[in-house]
Amino acid sequence: MSSHESIIREPLITGDNITYAKITDDILVPVENMPNKAWWIGFTVASAGAMLWLYAVSYTFWYGIGSWGLNKTVGWAWDITGFVWWVGIGHAGTLISAVLLLFRQNWRNSINRSAEAMTIFAVICAATYVVSHMGRPWMALYTLPLPNQYGSLWVNFNSPLIWDVFAISTYFSVSLVFWYTGLLPDIATIRDRATGLRRKIYSVLSFGWNGSVKTWQRFEAVSLVLAGVATPLVLSVHTIVSMDFATSLEPGWHTTIFPPYFVAGAIFSGFAMVQTLMLVTRKVLGFENYITMFHIESMNKIILLTGSIVGVAYLTEFFIAYYSGGEYEQYTFLNRFIGPYWWAGCMMYGCNVLMTQLMWFKSVRTNIALSWGLSIIVNIGMWFERFVIIVVSLHRDFLPSSWAMFYPTWVDVSVFIGSIGVFFTLFLLFLRVLPAVAMAEVKLLLKSSSEQEKKKLLEQGHVGKEQAEFYKENLIKYDSVEQAEYSNI
Amino acid sequence: MESNKKYWKGLEELNNSPEFVEMNKSEFAEPLPIEEILSGAGLMAKTPRRDFLKALGFGVGAVTLAACQKVPVHKSIPYLIKPEEVTPGVANYYTSSYNGQSILVKTREGRPIKIEGNPDDLIGRGAIDAPGQTSVLDLYDISRLQNPLLNKDESSWDMIDGFVTKELAAIAAGGKKIRIVSSTVHSPSTQAVIAAFTAKYPTTKLINYDPISYTGIIQANQNSFGKAVLPHYHFEKADVIVSFGADFLGTWISPVEFMRQWVTNRNNASLENKKMSRHIQFEAGMSLTGTNADTRVPIKPSEEGLALVNLYNAISGTALPGSKPLSNKAAANSIALAAKELTAAKGRALVVCGSNDVAMQVLTNAINSLLGSYGTTIDLDNPYFKYAGNDAEFVEFVNEMKRGEIDAVFFLDSNPAYDYFNAKDFTQALAKVRLKVSFSDRSDETSSLCQVIATNHNYLEAWGDSNAFAGYYTIVQPAINPVYNSRQAEQSFLIWANNPVKDYYAFVRNNWETNLLPKVGLSGQGGWETLLQKGLIKTADVPATTYTFNKDLSGIAQSIINHSNQLAANGNTIELQVYPTINMGEGKRANNPWLQELPDSVSKVTWDNYAAISPTYAEKLGIKEGNVLKVTSGNHTVELPVLIQPGQAQQTISVALGYGRTSSGKVGTGVGKNAFPFLTFKNGTFQGSAQATISATGDVYNLAQTQTHHSVEGRNIIRETSFNKYLKDPSSANGRHESEHKTYTLWPEYNRPEYNWVMAIDLNSCTGCGACVAACNVENNVPVVGRDEVRRRREMHWIRIDRYYSFKEGNESVTEEKEINKLDNMDNVSVVYQPMLCQHCDHAPCETVCPVLATVHSSEGLNHMAYNRCVGTRYCANNCPYKVRRFNWFNYWNDSRFDNYLNNEHTQLVLNPDVTTRFRGVMEKCTMCIQRIQGGKLKAKLDQRNLKDGEIKTACQQTCPTNAIIFGNVNDPDSEVAKLLKSERTYYVLEELNVQPGIGYQVKVRNVNETLA
């Protein structure tokens, strides 16, 4: 089956002599071999972070939420900032796997696996915050609508926090199922190459995948159905998270623009985190041929788009605050620049809006170091966005008598740093046991969208000169393409 | 005879063979294979299955046994024979008195748990201040001594009595002096006891010693009118009040009574009669009274005398010798204005002066005499007895000790080693005294210097009485058996004097039946029982007569001017003023955590005293809030953190007394710095002002304030108007435009068929004294969290009093921080207080966001909090626009880091059993005293009648000296609250949010003359 794709489309797989077997071999290197030094260093650091998280959370459980820096005025700070930040990061996975699948964006095939894994781990981190920020986490069960003997005491369906419970748990379970379904053919591949106990384990995990036409057919159907189910979730989850704020009375929270603004922000931060991870994974695991400059640039474009949407949302907020004439609203937005937390406001607007505007330049988009740096800046900026929305709004609201400052304690910091450790521990473990790139899906692209197929077309001379030149120009940005080979074609 | 028998365990031992000797050296017969095990082979060896099972079995068995330890058993013993008057769950109230005020002591199952004002009390009319409210905790203070001490060892009363009587006998034989040093004794029975003691030991003399003294007034009245008394002031009869540094609403003589009097010309009823008094305050530090004045003029302590002289000149139309105009233009203008207003209000005017200087008080008397105040606003014929201390007498007593003339001294409710200005002098002199006895209940600064600490009862364990002012006698009766092995001081005196009546109860009763009850026509058992039920008697007042001042003032004026010149700061010095605070007073109650955590009314600082400096002066010196200053005056130096205090006079600092106890108990020791050594003894009295030098140490100390932003930022949460505007339009400034706007709501409306509990708070009546906060803490078991947690802004108070400063520039009021920072003159401060508590909104924003329905609305209009359901997301607190919800950050009743009162098994006895203590991780807030509401409804139901308006009072309302808080059922159109809420002055805080708060506030009215002051 060799369905050619137009030459003017950029290749999604680069490199010569790529075969199905080579793809499998390349991608399964980390899964089938002992880890290298880089992995061990990363894992040591990450698991130290995870231990820190365990200690800080245990400390909180033992002594109470008072070990955080919260006070009577600022009831949420690093906890919900961290929660929203992680949920936001968890948005890219579903967007890539579901929405891009429905839009037939084949470039997603190389990055969807890691992005989905990242989603799941980010949502896990977010969920830990949901529980650990409670004053009485052992009563967390009360937030579920369970039958009980208290004269049928239900949860408060008016409360956005209850919507959150449903939204997050739905999102987590659908993401998990989607991710796992996608993994089945790849697990079967590992199974087929493994021996002994590993074979048994992967055999169970592969759910008896036999590679028959029927299996593939069902797989495709299920993927589509799940994509259909997951797509609304991309919009709904962060919409609901934003309603935690939007439905309240708090100036700076009580804003109708929050749902679209939060969704854009979530995709923004999610892609930034995917970028952060993929650029490292690509280098360390040698996936340059599968995650190409095209992928990097595409993601940068999405970051630029969503970042600009977020920028427009910021401007809208300011305009509405001015236009509303509400003195509390106006003060809150002014306070972001002239209040004691002006530096946080600057981090938020500077990192998220100003810095991402650099991506209008192609040279920035295709520069790996700059892209990675900007992705980190976006991650930082989005953390500050939530910090500004939560803490800077709360610390000075209606009655000046209650105005207060928030100072984090070592526990606040440790829980947050630790949650990053948990995230990376999970991610690094994932790299060891499951393929970081969806092999089966990448193989689909080999005969159509790979550099070697396109080169064949060029060599066969079926391509018009103008188109060939265009194609070659596009290839210049690729760091994984031997540019010299094209000089004489 | 020593036994020669020898027992042996075996033949080997008997023979003592070499093998046995060798073997006997080691503990076990066979050497243990320790080396083998540790060398590796043992560790590597495979564990046989049997060994594993053995180890497992032993392990499980050991763990099981260890786990079998009994759960601690708390024994609660039911009443097998129920005491007649105690019904579990039903409170008993006993009359008693605190500090001369008649009170009701609420006891539950035999434990006093709450102090409430006696509605018949002539001082507070049911109100009582914060120290009174919190005094119940002193009963359970774990720092109290459990037994009397003799030479620092725990002892018995027999030994104490033996020692003291032997010593006294020897002293009596020697004929040297015996002194009883006490804070003013105004109890008729105690006076009788001391008289009996003096009869037995004739060299005895009682020295009334008040560390915060009113000798100046008493002496001045002696000089002016021949009556050495502290007069009874009548602020309710005064239309114009001018005060020179007298904090009569906060700490001066009888603040609860004065607040009640003062507010009668300023409250809603008065305003509706188109009447409001005018109150002008001249003072250096910002006092509670100053914050409530219509016009407040900051003057330095050195200007106070000159201001008085100028006022006298302006009123009398003469010029006293040595007088000169005030260099302070604003003060000079205000003095002229005050003189005009006072003269216009002759007979309805009152000038008070807080100074303890005799000359100043004489001049004040002269002014009052010109204004015709005697017989109207000042009553010299029915004087106050609460303070009779004579400073010179105490100083002479120290000299007597130094000269070795005194052989015995008894300290009753006094602690000069802490609160005498020259404590070192006192301590050294005291060492020369042969017998030193203290009746303190703890080992404090003075009692630790005494051979005997004859631990006195807490007043809730004691019999007694008091006579606060002429004709007003109140009884002190015990509400509990003595908790520790203490004995009433009076009883000790009776025993040591070998009085025929040694039981103090019999003595008190006898004294009343013979001397006091007949005055009101009571007698016998019936009379005594009536007294115990009523708690007080009042004989008819002597008619107040007019007094005219006709002494020569030239010497007085000269003395005042001289004194002022001594005080006046030059370029290098600054004028220091020390002052008592409402909470700490003389510092006797420093070990009370409730009081320590009660924010200072003005500064909102807890757990510390500080050096208050005006913002402009601080800026000039380059000092910032929290900088630590070294303050030196006389021989005393302390390091104090700076508090920037708007309204503080330039080039002055104020430091609160009552802090810096070195030996008060677990809570109070080491809190703040002692300012008593800054007092000086001048012209025969203790004086609170002196010159001082300050220098920054470079350290920074973070004061624990409950409010850190002090301006209202132009927000209309505070609404105020002037009296003139109010007269023109009573609804001016209430800011309500109900008719102009249509309101919409998302929420369904619910009926409140029976009751709709609401509250009205009059900002014009509220003085910000903080009694309500204290009462709420006691009533609702509110945790004390300590200084560090207050710094983290985590105090738990359910009701707080917000205090905002605004500044006047021309006729404009400046309330925004960034504008305030640009002001050059920050002396024109206006202050407003706003009690803030859960508003019980009908559309409560907290309720909609709680995920688990832990906070819900009742059909009586209350916002409930179900602690057991709360999971602690804190969303409700975030969404509360009033920020009145309080989160239990820690487990305050079971966490040794918060050892204030909740955490201790003994102090826990003070808890109100009708209110649950809250576990860590749950939210809490004002319930409008739901336990009282339920109790009131139950009582009405049992009596088969309807609830009466005013029958249920919230704790804050009940104790408010000015009745600024009114609670009730708005469904009843005749209820007081319903009527008040219909007042034109009513507005609701943040009502534009449509949360429909249940607490209506009434606009603050200031009687200011816009054009003149």
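**Notes on the complex**

Author: Let us begin with B:Asn781, which counts as buried, because 23 C-beta neighbours lie inside 10 Å and 20 or more are needed for that label. Please keep in mind throughout that this is a predicted model.

Reader: Where is the place of B:Asn781 in chain B?

Author: B:Asn781 sits in the loop that runs between helix H27 (771-779) and helix H28 (787-791) of chain B.

Reader: Is B:Asn498 buried or exposed?

Author: B:Asn498 is exposed, because 12 other C-beta atoms lie within 10 Å and the exposed class covers 12 or fewer.

Reader: Switching to sheets, which strands make up the closed barrel?

Author: The closed barrel has 6 strands of chain B, in the order E20-E25-E22-E24-E23-E28, and its pairing is mixed. On average, neighbouring strands of this sheet are turned by 45 degrees against each other, with direction ignored.

Reader: What about the open sheet, in which order do its strands come?

Author: The open sheet consists of 4 strands of chain B in the order E39-E31-E41-E40, with mixed pairing. Strand E39 (965-969) and strand E40 (986-988) of chain B are at the edges with a single partner strand each, so one side of each has no neighbour in the sheet. Neighbouring strands here are turned by 30 degrees against each other on average, direction ignored.

Reader: How many bridges join E31 to E41?

Author: Strand E31 (residues 757-762) and strand E41 (residues 999-1002) of chain B run parallel and are joined by 4 bridges; B:Ala760 has B:Gly1000 in E41(B) as its bridge partner.

Reader: Now the contact between the chains, how many residues does it take from each?

Author: Chain B contributes 43 residues to the contact and chain A contributes 37 residues. On the side of chain B that touches chain A, the elements giving two or more residues are helix H30 (845-849), helix H31 (875-879) and strand E37 (886-887) of chain B. H31(B) gives the most to that side, with 4 residues, and the residues of the chain B side divide into 20 nonpolar, 12 polar and 11 charged.

Reader: Which domains does the assignment give for chain A?

Author: The assignment for chain A gives domain 1 (1-18 + 450-489) and domain 2 (29-446), and the C-alpha centres of these two domains of chain A lie 36 Å apart. The contact between them takes 11 residues from domain 1 of chain A and 13 residues from domain 2 of chain A. The side of domain 1 of chain A that touches domain 2 of chain A divides into 4 nonpolar, 4 polar and 3 charged residues.

Technical notes:
Residues are numbered from 1 along each chain as its sequence is written. Chains are lettered from A and ligands numbered from 1 in the order in which they are written. This is a predicted model: local features need pLDDT of at least 70, side-chain atom pairs count only at pLDDT 80 or more; totals for chains, interfaces and linings use all residues. Two strands pair if DSSP finds at least two bridges between them. Axes are lines fitted to C-alpha atoms, for helices over the stretch in contact, and angles run from 0 to 180 degrees between N-to-C directions. Two residues are in contact if their C-beta atoms, placed from the backbone, lie within 7 Å. Ala, Val, Leu, Ile, Met, Phe, Trp, Tyr, Cys and Pro count as nonpolar, Asp, Glu, Lys and Arg as charged, and the others, Gly among them, as polar. Domain bounds come from an automatic or database domain assignment.
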